[in-house]
Amino acid sequence: MLLELHVKNLALIEQADIEFKKGLNILTGETGAGKSVIIGSINMALGGKASRDSIRQGAESAYIELLFSVEEPEKVQALKALDVFPDDSGLVIVSRKIMASRSTARVNDETVTSGRLRQITSLLLDIHGQHDHQSLLHKSKHLEILDAYLREETHSIKEKISKEYHRFQELGKRLEAFSMDREGRLREADFCRFEIEEIEQAALRPGEEEELALEYRRFAHSRKIMESLSAVYEAVQGDAVSRAVRELDGVYQYDEAGLSDIKALLDDLESLLGDAGREVAAYMDERTFDEERFRQTEVRLDQIRGLQAKYGGTIEEILNTLAEKRKRLEELENYDQIRQEVEKELEKSRIQMENLCQQLHQIRQNGCQTLSHKIQKALEDLNFLNVDFSIDLTRLDHYTSNGFDEAEFKISANPGEPARPLKDVASGGELSRVMLAIKAVLADTDDIPTLIFDEIDTGISGRTAQKVSEKLSLIAKKHQVICITHLPQIAAMADSHYEISKSPKDGRTVTTICCLKDNEIVHELARLLGGAEITDTVLENAREMKKLADKTKMGE
């Protein structure tokens, strides 16, 4: 779950730290206090868009840090598969630094891309805002929800379908390539033979280019090498060292002990220079310049590099191209036979796709009734009276990597009215409740530890708000839930209640967050109930609301 949120220099926030707890975490505050900034900061930390305009005025950068605790072994293994390793305490730190020119993201001090960051954090936290409610208007989301509910039953078969679909697509593309007329095939076959013959006649050998290039450099600089070696030979054959040896021999007898080391060094030096002279002479005798060999080397290098320009940057790539050309020529020479083989393979793949998709369709069909019944019951719990909810499963006219099904949610909120597509009848407030009902149903199968709900109370009040609060509390028994709300009925159900407020500081406005206790919670509920004026009656109503919410959570 999400343990801590640290935000620095983001919008109105100079510095804020929130320690979240298990269960239902509620955030409330006046309009404009910065509630959206809190959710926005989490979104940025998860890899969302980060604008330089979000940096607090006067600061060079903004910083967001999330501290997660990962306890479930399956979740730990899933993170390790992404090369993320929680520490011994099961902690994972996600951070994002936003600067004027760029932003950087880290997971456990390792810099990661935004794409990889989203992949990692999707295992840990899920945010549901107004945009996510709107996603229910798209049928693709409906099938995704159905499959999430049936995850254990569909996971294996969907992997098989995805693999077979890839094969099916490849075979289809290969068959499309067998659409040339006879004249076109003959032209391409002739050209393939020409290219194959050109490469084969070159008789290329791996590593040959490097050897020839080395030899070419030696030939190209042979004159300079010989001139330099002649100068070296004259230098080592000079009499400077020999004269030094003779001079020392003339006086050596007068101080053998003191001159012995010098004599030994000069003798060694004379011997080494003699050896060097002989080696230089031998090299010069053996390395005579061969004009014909140089020309052959140059021609061969030109041939190899010409082939590289046409068929690949290295000899290995040219040889790979040769293998491909031979394979293509075989296809052209046995065109009809190979096309028939591909057609047979494609038909086998189609039959396999059909069988697999039928199996997946049956699983989904069986799950539709169960899921629609559960969602309908959850909607009734959310004050959808006389609601009729169903899921229609229809077949597409083509295969996809996800089968051949298309799902659509249908709903009727009024008695006597036929169920119609959700997108045609649901208002914004109704969409948020439908999404909440779905999350409540999926709570048993959804393995994401932390759920964040933003604007879940859009367009609701009164009895409906109470029902929504109860449903959030139910979800919070199996997940950590973080929710921003304006409604006292939802706020009263909090296991942990945070107030977001703004105030002047040093001539500027800053946003602060604090965890409320006892009477502070009552006063905040009273503010939500009474607005500008908080009377004793409003305070008493707030106490009663909190007391009733606590009883509801305890099942009384």
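Valine 76 is buried, with a relative accessible area of 16%. The cut-off for that word is under 20% relative accessible area. This residue belongs to helix H2, which covers residues 73-81. The model is a predicted one.

What does valine 76 touch, leaving aside its neighbours within four places in sequence? Its contacts are Val70 and Pro86. Asparagine 414 lies elsewhere: 338 residues separate it from valine 76 in sequence. In space the two are 46 Å apart, C-alpha to C-alpha.

Serine 41 sits in helix H1, residues 35-45. Is serine 41 buried or exposed? Serine 41 is buried, and its relative accessible area is 0%. Residues up to four places away in sequence are not counted in what follows. Serine 41 touches Leu5, Val7, Leu10 and Ile64. Leu5, Val7 and Leu10 fall within the range of strand E1, residues 2-10. Ile64 falls within the range of strand E4, residues 61-69.

Strand E4 is mostly covered. Of its 9 residues, 7 are buried. E4 pairs with strand E1 in the antiparallel sense, over 6 bridges. Lysine 8 has tyrosine 63 in E4 as its bridge partner. E4 is also joined to E5, by 9 bridges, and this pair runs antiparallel as well. Here serine 69 has leucine 91 in E5 as its bridge partner.

Pairing then passes from E5 to E6. Strand E5 (residues 91-99) and strand E6 (residues 103-107) run antiparallel and are joined by 5 bridges. Isoleucine 98 stands opposite serine 103 in E6. The two strands form a hairpin, with 3 residues between them.

E6 also pairs with strand E7, residues 110-112. That pairing is antiparallel and has 3 bridges. Alanine 105 stands opposite valine 112 in E7. E6 and E7 form a hairpin too, with 2 residues between the strands. Which residue in this hairpin takes a positive phi? Asparagine 108 does, with a value near 50°.

| Strand pair | Bridges | Direction | Residues facing each other |
|---|---|---|---|
| E1 and E4 | 6 bridges | antiparallel | lysine 8 and tyrosine 63 |
| E4 and E5 | 9 bridges | antiparallel | serine 69 and leucine 91 |
| E5 and E6 | 5 bridges | antiparallel | isoleucine 98 and serine 103 |
| E6 and E7 | 3 bridges | antiparallel | alanine 105 and valine 112 |
| E10 and E11 | 2 bridges | antiparallel | lysine 410 and proline 421 |

**The sheet of E9, E10 and E11**

An open sheet holds 3 strands in the order E9-E10-E11, with antiparallel pairing. Which strands stand at the edges? They are strand E9 (388-400) and strand E11 (420-421). Each has a single partner strand, so one side of each is left without a neighbour in the sheet. Lysine 410 stands opposite proline 421 in E11.

Helix H5, residues 139-149, lies across E9 and E10. H5 runs at about 100° to E10.

Helix H6 (residues 151-176) meets helix H14 (residues 335-381). Their axes come within 9 Å and cross at roughly 155°. Why does H6 count as roughly antiparallel to H14? The crossing angle is roughly 155°, and angles over 145 degrees count as roughly antiparallel, so H6 is roughly antiparallel to H14. H6 passes H14 in a left-handed crossing. The residues of this contact divide into 14 nonpolar, 5 polar and 11 charged.

Helix H8 (residues 208-220) and helix H12 (residues 291-311) also cross. Their axes come within 10 Å, at an angle of roughly 140°. That angle makes H8 oblique to H12. The crossing of H8 past H12 is left-handed. On H8, the contact residues include Glu208, Leu212, Tyr216 and Phe219. On H12, they include Arg293, Phe294, Leu301 and Ile304. By class, the contact has 8 nonpolar, 2 polar and 7 charged residues.

Definitions and conventions: Residues numbered from 1 in each chain as written. Predicted model: local features only at pLDDT ≥ 70, side-chain atom pairs only at ≥ 80, totals over all residues. Heavy atoms only, no water. Axes fitted to C-alpha atoms, helices over the stretch in contact; angles between N-to-C directions. Helix = DSSP H or I, 4+ residues; strand = E, 2+ residues; numbered from the N terminus. Parallel < 35°, antiparallel > 145°, perpendicular 65-115°, else oblique. Left-handed = near helix turned anticlockwise from the far one by under 90°. Nonpolar A, V, L, I, M, F, W, Y, C, P; charged D, E, K, R; others polar. Pairing = 2+ DSSP bridges. Contact = heavy atoms within 4.5 Å. Buried < 20%, exposed > 50% of the residue type's maximum accessible area, 1.4 Å probe, protein only.
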